[in-house]
Amino acid sequence: MSTLIDIKVPDIGDFSDVPIIDLYVRPGDTVAVDDPLVTLESDKATMDVPATAAGVVKEVLVKLGDRVSEGRTLIRVATGDGAGAAIRTPAPAPAVPAPDAPAAKPVGGASALPAPVGLPPTPQLGDSIHASPSVRAYARELGADLAKIAPSGPAGRILKEDVTAYVKGVLTTGATPSASGSGGSLDLLPWPKVDFARFGPIEVRPVSRIKRISGLNLARNWVMVPAVTYHEDADITDLEAFRIQINKENEKGGGAKLTLLAFLVKASVKALQKFPEFNSSLDGDNLVLKKYFHIGFAADTPNGLVVPVVKDADKKGIFDIATETGELARQAREGKLKPADMQGASFTVSSLGGIGGTYFSPIVNAPEVAILGVNKSTTKPVWDGKTFQPRLTLPLSLTADHRVIDGALATRFNVYLAQLLADFRRVTL
Ligand code: CAO
């Protein structure tokens, strides 16, 4: 036969109307004596209220955020034969000062808060770390140093999940993330684990293989390359007029279509020849300058981004490059590219111009040291000294590895590239 026992807020010294900031039990849970039931947090300290009887939780009579004082019933527990019921004098677990609390000075003084009963060793009241006794016990059990764990709880409190995430992070990366950051390593926090379904309906889709592979490369490049993006506008009024005219002429003869991308590849090669550092890779203390000009171009596919490569673009005409990029882009969309089609690039062009945008910051495709991003051209008023002229303007975004390319050099490259695109005859010089 079971007996119902009410577990109440014990004598908590001078505290009253203290909010519940953590609630650890639900109806149906089995609790043992001294298991934490709730955490209370005053403006000066936090304290766990442990169970004073063992049994099965029948009712939880409070909820998160409720303000409680001594004597308020928290839960109703059914104790029974074999449940190990043991009733003792109620006592809250030790208080831990809130982060903004004056050191070692909880309201009511330490003596107002009884010593812990049956819980692991007490935290020091002067301890600036904000964690409940149960979390401290959990961390101690796992050998985790609370000082190194970044808190995610309210008012900078370390939660049990933070300890778990920290320990997992150490086990998987061997790194010891810290909130302070020693600077010696990346000191990254573990990835936040959120139960999104708590906030609304969700759908879970697997990430495509291409995205998983490119994601790993992008993440490495983002973290390891100290990259800067430089913007420039190129006047392509004449180039576009020329492209349209040639395409019209060829339409009649059924010839290949010239694309802006092909002109960009060709102009990039010319700029790389003038500024060889952009066609290089870092290898330890050496810079490997490539004498070949293999230009990768980002291609959007239903499964993610791939980068086919036009080999020896310096030796190819613009019609050939247009045909080849069109064919490679088609194969990319159909998932038919071979590994060799995507290898060996010495510089990359990423064109979003067919979609739109003004400027963006492409990520360097390491071990390359630079990438050219392009957005949609628009007609802008440009002052010619006497009047505004409508000019078709192409936004360029060049990202370069600052270990190899300084800002002055990157800007020179951009200015030169813009000159080439403004008057394509310069490419032949
Ligand atoms: N400004 C204005 N119009 C442009 C333009 C620009 N910069 N670039 C292309 N266009 C026009 C083209 O002229 C074409 O119009 P017409 O059919 O009338 O000639 C239309 O936009 C479609 O072009 P497109 O983008 O499909 O073709 P493309 O040859 O220019 O580019 C490719 C091919 C493979 C680069 C492109 O299809 C693609 O995948 N782009 C996305 C790349 C990407 O995702 N980059 C981001 C990487 S970082 O996440």
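A polar contact is a pair of N or O atoms within 3.5 Å; within protein, one atom must be able to donate a hydrogen and the other to accept it, and residues adjacent in sequence count only if both atoms are side-chain atoms. In this structure, a nitrogen atom of the ligand lies 2.9 Å from an N or O atom in the side chain of Ser-350. The model is predicted: local features need pLDDT of at least 70, side-chain atom pairs count only at pLDDT 80 or more, and totals for chains, interfaces and linings use all residues. Residues are numbered from 1 along each chain as its sequence is written, and side-chain values use heavy atoms, with hydrogens and water left out.

**The protein as a whole**

- The protein contains seven helices and 20 strands; helices (H or I, at least four residues) and strands (E, at least two) are DSSP runs, numbered from the N terminus.
- Of its 429 residues, 41% count as buried, where buried means under 20% relative accessible area, exposed over 50%, and partly exposed in between (1.4 Å probe, protein chains only).
- The protein exposes about 23,000 Å², of which carbon and sulfur atoms supply 56%; accessible areas come from the Shrake-Rupley method with a 1.4 Å probe, and for residues only the protein chains shown count as cover.
- Among contacts (heavy atoms within 4.5 Å) between residues at least 6 apart in sequence, 64% join residues at least 24 apart.

**The ligand and its surroundings**

- Of the 21 residues around the ligand, those that come nearest are Asp-300, Ser-350, Ser-351, Asn-375 and Ser-377; a residue is near a molecule or strand if one of its heavy atoms lies within 4 Å of it.
- A backbone N or O atom of Ser-351 is 3.0 Å from a nitrogen atom of the ligand, and for a backbone N or O atom of Ser-377 the distance to a ligand nitrogen is 2.8 Å.
- Taken alone, the ligand exposes 950 Å², and the protein buries 66% of that.
- Helix H5 (260-274), strand E14 (299-301) and strand E17 (347-351) each supply at least two residues of the shell around the ligand.
- The shell is made up of ten nonpolar, seven polar and four charged residues; Ala, Val, Leu, Ile, Met, Phe, Trp, Tyr, Cys and Pro count as nonpolar, Asp, Glu, Lys and Arg as charged, and the others, Gly among them, as polar.

**Strand pairing**

- Four strands form an open, antiparallel sheet in the order E1-E8-E6-E3; two strands pair if DSSP finds at least two bridges between them.
- Strand E1 (3-8) and strand E3 (30-31) stand at the edges, each with a single partner strand, so one side of each has no neighbour in the sheet.
- Within this sheet, E6 (residues 55-60) and E8 (residues 73-79) pair in the antiparallel sense over four bridges, and Val-56 stands opposite Ala-78 in E8.
- Strands E11 (residues 280-283) and E12 (residues 286-289) are likewise antiparallel, over four bridges, with Asp-283 opposite Asn-286 in E12.
- E11 and E12 form a hairpin with two residues between them, and Gly-284 in the turn has a positive phi of about 60°.

**Two individual residues**

- Gln-331 belongs to helix H6 (residues 318-333) and is buried, with a relative accessible area of 16%.
- Apart from neighbours within four places in sequence, Gln-331 is in contact with Lys-336, Leu-337 and Asp-341.
- Gly-357 is found in the loop between E17 and strand E18 (370-374).
- The C-alpha atoms of Gly-357 and Val-374 are separated by 8.8 Å, with the two residues 17 apart along the chain.
- Leaving aside neighbours within four places in sequence, Gly-357 is in contact with Asn-375 and Lys-376.
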